[in-house]
Amino acid sequence: MTTIRRFCCDDLLRFASVNLDHLTETFNMSFYMTYLARWPDYFHSAVNPAGRVMGYIMGKVEGQGESWHGHVTAVSVASEFRRQKLAKKLMNLLEEISDKMDKAYFVDLFVRASNMPAIRMYEKLGYVVYRRVLRYYSGEEDGLDMRKALSQDVEKKSIIPLKRPITPDELEYD
Amino acid sequence: MASKFGLAGGIPERRVRPIWDAVDSRQYKAALKLCTALLAKHPTSPYALALKALILERMGKPDEALSVSLDAKERLYSDNIFHFDDLTLSTLQIVFQRLERCMFGTFHLLLLNTNAFAGTDGCKYGYGLMVLGMIDNVVLWVHFSSGGKKLLPLAEALLKKHISSHSLHEPEALALYISILEQQSKYDAALEVLSGDMGSLLGREEDKLRLQGRLLAQASSYVAASEIYQKVLESCPDDWESFLHYIGCLLEHDVILPKPCTGEHACPSNSVDSGMSKKSSLSEELVESRLTSALSFVQSLQESNSSDCVRGPHIANIEIEKQRCLNGISNDRKLTEALLKYFRRFGHLSCSASDVETYLHMLSGDEINELLAEISGSFDASSVSVNTLGLTITLFKVQELLGMLFTKSTAELQGIAKRLVDTFYRNLPLSNDLDPQENMFGEELLSMASNILVQLYWRTRNLGYLLEAILVLEYGLAIRKYVWQYKINLVHLFSYLGALPLAHKWYLTLDVKNILLESVSHHILPQLLNSPFLQHTADLVKDYLKFMDDHLKESADLTCLAYRHRTYSKVIEFVQFKDRLQRSMQYLTAKSDSVILHLKQKAESLEEVESILENASHGTRLVELSNEDSMKHVTSNEDLETRPWWTPTSTVNFLSEPFDEGSTPSIYRNKMCKHKSKENDDPKLKAAEQKSLVPRLVYLSTHDCAYFLREGEQNNGSCNVTAAGEMKTLLQKYARSIGYSIDDALSIVLGMSSGKKAVKDYGPDIVSWMSFAVFINAWNLCSSEPVISGTDCSSPGSWDIVDELVKICIEGQLTDGNRMLTSPGNNIPLLVQMVTGPISWHLLVIQSCMRGMAPQGKKKKKGGPSERPNTPQLQAIQSSVNRMVDTLRSVQTWLSDQMKPEEQALDMLLLCLQGTSTEGPGLISQTLDESAATVGSEIGGRIAQSLDSWSSAAVIRRIVGAEKETIAEFKKICDSKLKLLMSVSASLSSMLH
């Protein structure tokens, strides 16, 4: 019932029902288009039979050596299509691409420390809180850096939680 | 930007890198210095020149940049072809794109030179690109050059040669190579490439299989294609597109899938692929045997994917039954059964009804009733559980989607609305423990209840229902403030009710920004444009234009980014997307709106208006925007899915039309779909064209008329031929945009102003007619011959026409006995348009004439305007001023009458909610108030807290306040116009006496 395909520019004009959600950020155009230009395999939308955008995921792959990893920049599903594990399908796709195509060591994401529903969902998908990033969101709210190890990271070293929180300027990638 | 050969455009990379670093960090002066040093060493290097051009352009020196880049281009041509390299070309490309000299704006500079590709030069160039490993260039060259399909064999040959020596190393390159083969219908060759070593470039097996399936289907190898699609479905059972291809191949149909990316507004019932809605050409036996095998395959998928998240194979079942019906193999009964089976399993999901909407439309009324009865019998509606709630919602949604509610009586509808609200309340405990940010269970119930109340209002015209439609949504937002669906409906309801400030307030909370400005602002922009809130409107238009302009500027750089990262498919997509946005109807109109809004805001100061017009190239560019070619290809990018059912597009509002009791549900549906699919139809195009003419017409009316009045006398009455000629052309276009030739339009204006033609017959365009009359008067003033028979440039006749038409039109609105507060869809927007549009333009003409005729010492040239006043003109102006004063005063009086004391207005509205206990509005608002009062004891928790301060009366009070604010704002506009007219009147008296 769902067709998951590469996100295309025209989807930007059809994703209002996803992005009008108060927790979904509408980025500027260069942000979306940079992702499309650089990491087209990490930007997918799910559409229903009538062609409506049900949700989408955008991400990238970056890092060096053992920190070569997939990153989930945004994942969002329109309210009508929630509670049917669509976000899980999109996350699994990104994980598969990071793992099999790009041979990344882990996938990570940032989430507002107060966004408990999202944190619970990521935990169910196998993500663990790797570290807390102090005042990551607009210098106000802490972010949680959550990670899931991929098959390259045999010993799961990438997800051993850091003992202390870090500040945004200590982040390796932004 | 580093070259793979260690050389950048033939120059060692270490010398180039610091220049790029300086450019990237915006240190342009330093970059220029370094580049000058580089040029000293490599004076003939096209790359060094290209770099210099790029820096100059960034420094804001476009002319110098252009000259240097043309020099670089010349050198490229004069050099040996093997000096063509990626870096030089792409650097030049950036400069040209930014200079907007590039025909398409985003692709290779040299690709533009189509002559270079037509013959041997083209081959040579293509060969050169290939030798340098620029697969991307080859492909883009084919895609964009005017040679089109003729160049495909050449591109294929070049790529083949490249592959034999270098192979391909990127999935994107492979995909585009296959696309070149596909475009030439060389499916077997493409399949061969895909199954060879290069096929492994496609990282995901499913992607490769999908591509194989597509190629096989196009090659009419349906059996092989269906087997491939089976494989896809085995690993991705929910992949609906692949399933449709699978069935299409089995039935040997050409599958044309719905295209979500085209931006066309499809209606659910129309979006099914046309190929899949036809009878197969195969024999009945063959169809049956293939569908039977499909069914058993789908059943095996269902068994191996028992999770409730995979619905594809279950809906596939329905599709197979649909195909059986279409091919006359089985009856509709099987389809109903398949749907029922689906609802039993997935009916609790929010999207379950809309996902099978297309199939529901195939059922007869009896079958639908049977289906609904079966579903409602399958659960205990009185129990409180997420599943029960989901099924209850689905039951209502099916009825809503099929338009079944239109057939219900008023009492039944009222009962349903009440049940929906009650169900919402009863199920609140389910959401009490949810995070406040999470969607609550049953949110849709309030939207559906509100929709029913709007329908009741439409049918009965009882304002109470409309107020209740608002109250229900406000109640929902009091509990959880994030539900955007409620907010959008409220934006439209408040707009319709005349409480625009409340609509605007909710709109602002939606945080519409960036690309959403293009797809979502239609919810408020059209209403704001007809409102007295000129500043809010100007702010919104300004934000929108800034977003679009910024994006169009940066789009070339973003395309280069895709190009640099060898994401070839996105290069093409970005170019097409830029083109789509550039041709946006909303963008085109907003450019005119922006200038018109400024003119309206400053209409009391001729000097400020002149300065606005000067900055807008005196309106000439806007006129150019609306030429026929650009209007032919406009795009409509609004997301109309999110609009309420009763206003499917910004130009349609069912509530303004009479309710037709005889209409069937399907008639309503078709009507809505028709509106959506015709979003870009004539009226909208014509309105856009008309707007684009206004600034220029205002300019000519104020500039050239004054010029004539000032110079006319000294030239012994010879009129301004050029201005009059241009005005005539523009007015011909203007008349066309209202649907008439200029002669017919003139006679209609005359007829209306003399009372021989009824203004109401021209109702929808009345503001345009008024502006037309104003411009006709201005044209008459500067024309050498009378434009209307019986009037000439010294005759006051054309002034009379304007005065009379304005008076009749305004009076027509004021004599309408309905009060604003109790008569939604009121005439305020129309009155505002009349006052801020045509009356403003007319006052500008008056100001301009006054300035032209005033004996001002400083402006007097040698032999300048006569000291003797042009008495007939002055008298005509004075008469016009007096009549405008009268007209505006009547508006003022009417507005003051509308301003009831707040308590009195509040009582009036609250009275609308006091129906009897069994019928009429009042029941729902009472339910809401009672539930809010009891929620603390029955439910408690945060929901109870959020409803602590709920009161229907408080919402109604806010509506009263917002209407008052609207009237006050409009009064301010009238005040300022009256003030101007009084001062003009005083000057005229002194000039005449």
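Tutor: A residue counts as buried here if 20 or more other C-beta atoms lie within 10 Å of its own. By that criterion, 49% of the 174 residues of chain A are buried, and, since this is a predicted model, that figure, like those that follow, is computed from predicted coordinates.

The secondary structure of chain A consists of four helices and seven strands, and along the sequence these elements are arranged in the order β-α-α-β-β-β-α-β-α-β-β. The radius of gyration of chain A is 16 Å, close to the 16 Å that the globule rule gives for 174 residues, so chain A is as compact as a globular protein of that length. Taken along the principal axes, the C-alpha atoms of chain A fill a box of roughly 50 × 35 × 30 Å. Among the contacts in chain A with a separation of 6 or more, 63% are made by residues 24 or more positions apart.

For residues 2-151 of chain A, UniProt lists "domain: N-acetyltransferase", in an unreviewed entry. Over that stretch, residues 2-151 of chain A, the chain is 26% helix and 36% strand, and its end C-alpha atoms are 27 Å apart.

Turning to the partner, 44 residues of chain A are in contact with 50 residues of chain B. On the side of chain B that touches chain A, the elements giving two or more residues are helix 14 (240-250), helix 16 (312-326), helix 28 (516-520), helix 30 (534-564) and helix 31 (568-582) of chain B. Helix 30 of chain B provides the largest share of that side, five residues. Sorted by class, the side of chain B that touches chain A has 21 nonpolar, 14 polar and 15 charged residues.

Chain B itself is divided by the domain assignment into domain 1 (7-202), domain 2 (204-330) and domain 3 (681-855 + 865-898). Between domain 1 and domain 2 of chain B, the contact takes nine residues from each of the two domains. On the side of domain 1 of chain B that touches domain 2 of chain B, helix 10 (171-183) and helix 11 (187-195) of chain B are the elements that give two or more residues, and the largest share, five residues, comes from helix 11 of chain B. By class, that side of domain 1 of chain B has six nonpolar, one polar and two charged residues.

Key: Residues numbered from 1 in each chain as written. Chains lettered and ligands numbered in written order. Predicted model: local features only at pLDDT ≥ 70, side-chain atom pairs only at ≥ 80, totals over all residues. Domains from an automatic or database assignment. Contact = placed C-beta atoms within 7 Å. Nonpolar A, V, L, I, M, F, W, Y, C, P; charged D, E, K, R; others polar. Rg over C-alpha atoms; globule rule 2.2 N^0.38 Å. Buried ≥ 20, exposed ≤ 12 C-beta atoms within 10 Å, placed from the backbone. UniProt positions renumbered as here; feature names shortened; annotations may be inferred.
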